[in-house]
Amino acid sequence: MSPTDGRRVVITGVGVTAPGGIGAKNFWQLLTDGRTATRRISFFDPSPFRSQIAAEADFDPEASGLSPQEIRRMDRAAQFAVVTAREAVADSGLDFAGLDPHRVGVTIGSAVGATTGLDQEYRAVSDGGRLDLVDHAYAVPHLYNFLVPSSFTTEVAWAVGAEGPGTVVSTGCTSGLDAVGYATDLIRDGVADVVVAGASDAPISPITVACFDAIKATTPRNDDPEHASRPFDASRTGFVLGEGAAVFVLEELESARRRGAHIYAEVAGYATRSNAFHMTGLRPDGAEMAEAIRVALDEARIAPEGIDYINAHGSGTKQNDRHETAAFKRSLGDHAYRTPVSSIKSMVGHSLGAIGSIEVAASVLAMEHGVVPPTANLHNPDPECDLDYVPLTARDWRTDAVLSVGSGFGGFQSAVVLARPDRSSR
Amino acid sequence: MNAHPVVTGLGVVAPNGLGLEEYWAATLEGRSAIGRITRFDPSDYPSRLAGEIGAFSAREHLPSRLLPQTDRMTQLALVSADWSLQDAGIDPGELPDYAAGVITAGHSGGFEFGQNELKALWSKGGRYVSAYQSFAWFYAVNSGQISIRHGLRGPSSVVISDQAGGLDALAQARRQVRKGTSLVVAGAVDASICSWGWVAQLASGRLATGDDVERAYLPFDSDARGHVPGEGGALLVVEDAEHARARGAGKVYGQLAGHAATMDPRPGSGRAPGIERAIEGALRDAGVSPAEVDVVFADAAAIPELDRAEAEAITKTFGPHAVPVTAPKTMTGRLYSGAAPLDVAAALLSIRDGVIPPTIGTSRADRYDIDLVVGTPRPAPVRTALVLARGHGGFNSALVVRAVGR
């Protein structure tokens, strides 16, 4: 369904919890300053691990408004989701209490759910890995909420008063884009009028660090944490783990207009494709990501030349940055060379399933402010990465349509096109 | 909008039958697979019964290189997907690029694999964690592995809404087919019968205790006191009706005619639970009146207040004792996200064979005004079936399947 022959979906509220500053305002300040939030891991002693760096959020659940019981029953990622959803709802100016709750849905993306809570709980019930038959007497009462991450959606639904369709979308590192795409379809199909949608992950935990160590996906640049995330740079050596959440209020365009809502952007097009190649590997040609981009543009009825900015996946692994550079050229042709491309993972790290939504937030804020965030730490581009990656400093740049992409384990390749709703169609 | 997508292939891995016909024969015979757990010693836990898949040997079905990198759940899912595509007569290599995807429901990921790696981490150290942990445990693994095995490059996804997720995955497959994808391998397979998974499930407070296999999982019974978990599920080939017709598909089990999902209100709100709205929404989406529904496959939580909510929703929609209700999952245990796709397979076989499979165990359902099919299968022409699924945390999902044709 395309925007001109059916219901259209717009973003009217934005919330962000990210490393370097809580709240959308602080997040945007960090990005436009070009500052990095990557540091030596402080949550546990990282010295036994190959990669000892992460972008940690300075998040205080009580100061963020969560009650003691909410804190007790929720994993850190669920806490992010609820706090960030409340920010998005407040930002939207929409009176949720006045809505029919049956018409309000919730879609939350997460790659690894409550992995931090599970890691801690396993350690206790197994007595440090000693017991094969783990001891239920040492489990927290809400352990089932950690087992199944749809608890995140339940918590957000309770927080905002939603009783429409609810689910978690968990497609690895594209979850945050796919959750927005899924929610958009719910509104287009008419099964909801408003969806609180976004993504959250809090993976900075020994098990996650160890599993990425095992495949050398994360950077070992431990002597220089602030400059460790180096997308598109020739010296890049892997990604830096991050954490956080971004949540949006998605609304049907006409009702948003009727209430005089501030409209950040339309979710104009979305598509996902799979490479069917390898659980962690990428083929260098970027064919499947290019196809996702082509279909998303087609759905948005925007020509490649209509894209003003690309918010890249830009994880900073050798293969990713070449893969997506190839995908941009394949899908946009020469226009890829004329379009600013940047990776905010250089500043806030890679928060797995959350990052897609955090990058959608960066994209709509770029449209809002007429500024493109930079790629930090980019001094010597990889010769195979030969596009305009907006190195080091933010750029004043009018953006009417943004392409935001993601790529993840499992082979998922997703693309979202965000655009001003009053744009002229191709 | 295109015609309703159809189901052209069924791949079943159930505790009481590996493979579609084995499962269906066992189900019509009322053969239960619920027994004492064998995969670990359950003696010290308050709940000790499960529906395990006994006779499954992954190496008989899958290449050896896949075994060390996959959890049991994924091995079962890969086999289920193979059988589903075979049943549909699909050779994925002959499909155009991007014509087919994979949409599964997740629940707890490859939890047993994860337990082994957590043990390695905490007892020996980070460098003993497997290189496969990064993708063998996470929730997207089944969709990713199935996509790779069959070269399916179209839209794929993973949804999680606890035990309701299996229907939400089928609904998302239906949506993608309506948007232009030729077919989607969709459904769910779950397995987390390991001590760590068991302890996490115990925390739900919903597991039946004790050792009496006959009286453990008794939905709608006055003795209902929780469920027995199981492992397995089903993957379906959901196909564009015209695509199926054009290729001369050998079997068309039925249409995915309507779906709706709701969430319950926050506890203590005093508002009604969402299951009745899910039923109404699915019937409306399907364009079906309550009188046209021939059978309801119940969620069958076996928790008294949840049984009551489901029974009342059925009674309000259809009238007292107005439609046969059944829960063949009493023979398998609840398979978490795998349960509802397996129920959809059973509903499609009810349509095919004109018989409603029984609920076993439950003997005293007279506290509710529902016509529960108990003990033995009931022959009946079935053209339209409603499948219900609910999840911990207030998820409700309802799917209508219909016979194709007149």
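Two strands pair if DSSP finds at least two bridges between them. Strand E4 (residues 53–55) of chain A and E8(A) meet that condition, pairing in the parallel sense over two bridges. The model is predicted. Chain A has 14 helices and 16 strands, and chain B has eleven helices and 16 strands.

**Chain A: overall form**

- The radius of gyration of chain A is 20 Å, close to the 22 Å that the globule rule gives for 426 residues, so chain A is as compact as a globular protein of that length.
- Along its principal axes, the C-alpha trace of chain A spans about 65 × 55 × 40 Å.

**Chain A: a three-stranded sheet**

- An open sheet of chain A is formed by three strands in the order E3-E4-E8. Its pairing is mixed.
- Strand E3 (38–40) and strand E8 (241–242) of chain A stand at the edges. Each has a single partner strand, so one side of each is left without a neighbour in the sheet.
- Ala54(A) has Leu241(A) as its bridge partner in E8(A).

**Chain B: overall form**

- A compact globule with 406 residues would have a radius of gyration near 22 Å. Chain B has 20 Å, which agrees.
- The C-alpha atoms of chain B fill a box of roughly 60 × 55 × 40 Å, taken along the principal axes.

**Chain B: two domains**

- Chain B is divided into domain 1 (6–246) and domain 2 (258–402).
- The C-alpha centres of these two domains of chain B lie 21 Å apart.
- Their contact takes 57 residues from domain 1 of chain B and 56 residues from domain 2 of chain B.
- On the side of domain 1 of chain B that touches domain 2 of chain B, the elements giving two or more residues are strand E1 (6–14), helix H1 (20–28), strand E4 (49–51), H6, strand E7 (183–190) and strand E8 (232–239) of chain B.
- H6(B) gives the largest share of that side, seven residues.
- By class, that side of domain 1 of chain B has 27 nonpolar, 19 polar and eleven charged residues.

**Chain B: helix H6 against helix H11**

- Helix H6 (residues 165–178) of chain B and helix H11 (residues 339–353) of chain B have axes that come within 6 Å. The axes cross at roughly 65°.
- H6(B) and H11(B) are therefore roughly perpendicular to each other.
- From H6(B), the residues in this contact are Gly166(B), Leu167(B) and Leu170(B). They meet Ala339(B), Ala340(B), Pro341(B) and Val344(B) in H11(B).
- The residues of the contact of H6(B) with H11(B) divide into six nonpolar, one polar and no charged.

**Where chain B meets chain A**

- The contact takes 67 residues from chain B and 68 residues from chain A.
- Seen from chain B, the elements that give two or more residues to the side touching chain A are helix H3 (111–123), helix H4 (133–136), helix H5 (141–150), strand E6 (157–160), H6, helix H7 (195–202) and strand E9 (254–263) of chain B.
- The residues on that side of chain B divide into 28 nonpolar, 29 polar and ten charged.
- Strands also link the chains: two bridges join strand E6 (residues 166–169) of chain A to E6(B). These two strands run antiparallel.
- Val159(B) in E6(B) is the bridge partner of Val169(A).

Methods: Residues are numbered from 1 along each chain as its sequence is written. Chains are lettered from A and ligands numbered from 1 in the order in which they are written. This is a predicted model: local features need pLDDT of at least 70, side-chain atom pairs count only at pLDDT 80 or more; totals for chains, interfaces and linings use all residues. Axes are lines fitted to C-alpha atoms, for helices over the stretch in contact, and angles run from 0 to 180 degrees between N-to-C directions. Helices (H or I, at least four residues) and strands (E, at least two) are DSSP runs, numbered from the N terminus. Angles under 35 degrees count as roughly parallel, over 145 as roughly antiparallel, 65 to 115 as roughly perpendicular and the rest as oblique. Two residues are in contact if their C-beta atoms, placed from the backbone, lie within 7 Å. Ala, Val, Leu, Ile, Met, Phe, Trp, Tyr, Cys and Pro count as nonpolar, Asp, Glu, Lys and Arg as charged, and the others, Gly among them, as polar. Domain bounds come from an automatic or database domain assignment. The radius of gyration is taken over C-alpha atoms; the globule rule is 2.2 Å times the number of residues to the power 0.38.
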